[in-house]
Amino acid sequence: MTRAPQVLFVTSNRIGDCVISSGVIREIGRQLPGAAITVACGRPPAPFFRAAPGVERIIILDKKPMSGHWFDLWRQVRDTRWDLVIDIRGSALAWLVPTRRRVVYTREWETGVSKVEMVTRLIGADAPLHPEIFLDDTARREAAAVIDPQLATGAGPGPIIALAPIAHQPGKSWPADRWGQLVERLRADPRFDGWRFMPVGGPGDRPPATPALEAAGDRGIDCVGKGDILCSAAAIDRAALFVGNDSGLMHVAAALNRPTLGLFGPTQWWLYGPWGPRTATVASNETRGQFAPIEDLTVDRVFSAVVDLYEAWPEGRPGPTP
């Protein structure tokens, strides 16, 4: 019996970085058909890979003192005869396990192109490795269990705009009160008559999501802290539009091909912006290479950017195209 090629893919502990590099999964299958893939990643993004093609094992890297998590990983993979090791994190581990071929990230790959393009070049792919979310029936059922009862109450069914008011790095979060003001503006606009407003996030994201939910009133859908990241992805997949801070959920929405608007402050929108044709960014400073605090981003500018996205992708909305 022919032995399946064994591939170790070491990816990030961050949700956004895992999504950006998710195209590697299918590229492994193209380069090594029938490969059995082991993914090593952080706990939050681990659900992304449970339904990914070719993935047979997921090793969760829980950070430990003195880099003990790397030693634990090495002990679990050292005895396998690997055909390919891909290490997006650029760790020493990739050089400490036997393999026929290794692909290891270093800062030399940072050449000013977007992160998706950087990963594509790193792997040696012939075409851009578009990010992909591997939804499964479990995630869809979990999202439906959260969303459907809320659609049946309050303002009733309607198109959904998903909102991600949180980012877990300092300086990336647009002030929570402005999310509430944005929802008020959208709710009052005839173009969004009947729309539902759905904040999405993890268990710790409740405070920044509260103003948006309060402003939405009976048109709100609470999807904060209701499941794992794949459940949140399945919820976003139900939306007609997505608006969020520079965050993992922004990359999830873009990978799902939802019309996606990313909000940027003092970070590199030209490198980390959402990937895909149905995406847009609005930054506190729109000049490449220059930055301003995200607090400089006004409600008026974000509202206008949401309307532009709405007008650009009418086919993404439920119902007849205007």
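Me: Ala, Val, Leu, Ile, Met, Phe, Trp, Tyr, Cys and Pro count as nonpolar, Asp, Glu, Lys and Arg as charged, and the others, Gly among them, as polar. What makes up the lining of the largest pocket by class?

Reply: Happy to say! This is a predicted model, where local features need pLDDT of at least 70 and side-chain atom pairs count only at pLDDT 80 or more, while totals for chains, interfaces and linings use all residues. Residues are numbered from 1 along each chain as its sequence is written, and side-chain values use heavy atoms, with hydrogens and water left out. Under those classes, the lining has 13 nonpolar, 14 polar and 10 charged residues.

Me: Why is it called a pocket?

Reply: Because its set of points is open, with protein on both sides within 12 Å along at least five of seven lines, on a 1 Å grid over the protein atoms alone with a 1.4 Å probe. Its volume, the space filled by probe spheres set on the points, is about 1,100 Å³. Of its 37 lining residues (an atom within 4 Å of a point), Arg14, Ile15, Gly16, Asp17 and Gln169 are the closest to the centre.

Me: Which helix gives the largest share of that lining?

Reply: Helix 1, with 4 residues. Helices here are DSSP runs (H or I, at least four residues), numbered from the N terminus, and helix 1 (15-20), helix 4 (115-123), helix 8 (229-236) and helix 9 (248-255) each supply at least two lining residues.

Me: What is the volume of the second largest pocket, and which residues are closest to its centre?

Reply: The second largest pocket has about 160 Å³. Of its 17 lining residues, Leu271, Tyr272, Gly273, Pro274 and Trp275 are the closest to the centre. Helix 10 gives the most to this lining, 4 residues, and by class the lining has 12 nonpolar, 4 polar and 1 charged residues.
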